[in-house]
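Open the model in your viewer and keep the selection tool at hand. The tour below says what to pick next.

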Amino acid sequence: MYIHVLGAAAGGGLPQWNCRCDVCRLAWEGDPRVTPRTQSSLAVSADGRSWALINCAPEVLTQIRRTPALFPRQGKRDTPIASILLTNGDVDHVGGLLSLRESSPYRLHATPEIHAALRDSPVFNVLAPDHVERVEVALEETLTLAEGLEARIFAVPGKAALYLEGEDPDIGSEGEATVGVEFRVGARRAYYIPGCAAMNERLAARLEGADLLLFDGTLWRDDEMIRAGVGHKAGSRMGHMSMSGETGSMAALSSLNIGRRVFVHINNTNPVLIDDSPERREARRHGWEIAHDGMELEC
Ligand code: MLT
Ligand code: MN
Ligand code: ZN
């Protein structure tokens with residue numbers, strides 16, 4: 001199985017257009033310790049020829065242009081992208097769909113709830129139904145995303161997309177709004193969970209024995225955006241568990257047997273994005289890698 005990290009950042013990317021937090025400021029200044037990153041997306045393939053995108057970031061055109069495996073290869077119109085799977089309806093994961101509208105066929109996989117969010121925004125009607133087949137996927141159903149690439153989606157603790165939040169959003173509930181993905185090729189098993197509000201026994205049991213885990217690395221600490229002076233929301237309110245701390249993901253997953261662990265969907269305030277930071281070193285000590293755009297993983 002081949003996995004390309006197309007975009008390793010969370011919503012906003014790095015640097016974020018309007019941000020001068022400590023990390024974005026270094027990126028704006030061109031400091032070599034901070035590598036810019038686009039928003040959250042993966043390309044996955046079993047054979048290196050037929051690919052699935054998992055999430056579709058607003059920067060998808062840039063991501064495709066710098067990934068030769070995703071170039072058109074034959075005839076006048078072509079794409080090796082067989083399908084796109086969405087793990088939630090957030091803008092960082094669906095915004096790029098508006099740029100993939102020029103009449104090449106692909107399947108768009110998502111839960112009924114995520115599809116409903118797209119249907120409620122008429123701008124997505126630019127995806128003509130005779131080219132883009134919207135496939136509703138049930139939790140735990142096995143589907144084929146690309147040639148030889150099987151996947152299964154499962155509920156993880158999360159919340160509705162930001163633009164669908166009501167007055168009092170239900171955070172940490174498990175349903176069809178936020179899902180993780182299991183990829184299988186032969187006996188190899190990889191997981192992609194770019195948004196997760198909390199770890200629980202069921203999820204931990206599922207991840208036990210995985211060859212590869214790509215996991216929500218939004219924040220280092222829960223009050224990070226407040227401390228950075230760029231927001232009033234804690235990570236827990238945004239549906240993202242933090243990396244550090246007693247209830248953080250590094251601690252929660254430390255006892256599991258997992259071949260390789262990589263943080264993705266990393267918010268621009270997160271100090272692990274600075275190459276030599278103490279937080280980066282601590283994550284490495286816990287066995288975690290920090291994804292960057294263009295990172296290639298084989299599993
Ligand atoms: C998130 O992951 O919490 C969202 O992508 C936030 C956003 O919409 O910017
Ligand atoms: Mn996001
Ligand atoms: Zn920032």
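**Stop one: the ligand**

Select ligand 1 and Asp-92: an oxygen atom of the ligand is 3.0 Å from an N or O atom in the Asp-92 side chain. This is a polar contact (a pair of N or O atoms within 3.5 Å; within protein, one must be able to donate a hydrogen and the other to accept it, and residues adjacent in sequence count only if both atoms are side-chain atoms). The model is predicted: local features need pLDDT of at least 70, side-chain atom pairs count only at pLDDT 80 or more, and totals for chains, interfaces and linings use all residues. Residues are numbered from 1 along each chain as its sequence is written, chains are lettered from A and ligands numbered from 1 in the order written, and side-chain values use heavy atoms, with hydrogens and water left out.

An N or O atom of its side chain is 2.8 Å from an oxygen atom of ligand 1. Next, His-265: a polar side-chain atom there lies 3.1 Å from a ligand 1 oxygen. Taken alone, ligand 1 exposes 270 Å², and the protein buries 77% of that (Shrake-Rupley method, 1.4 Å probe).

Now show the whole shell. Asp-90, Asp-92, Leu-162, Met-238, His-240 and His-265 surround ligand 1 (a heavy atom within 4 Å). By class, that shell has two nonpolar, two polar and two charged residues.

**Stop two: a helix**

Select Asp-22 and Arg-25. Their side chains meet in a salt bridge, 3.6 Å from N to O (a Lys or Arg side-chain nitrogen within 4 Å of an Asp or Glu carboxyl oxygen). Both lie in helix H1 (residues 22-28), three residues apart, about one turn of the helix (helices are DSSP runs, H or I, of at least four residues, numbered from the N terminus). The structure holds 18 salt bridges.

Definitions and conventions: Nonpolar A, V, L, I, M, F, W, Y, C, P; charged D, E, K, R; others polar. Helix = DSSP H or I, 4+ residues; strand = E, 2+ residues; numbered from the N terminus.
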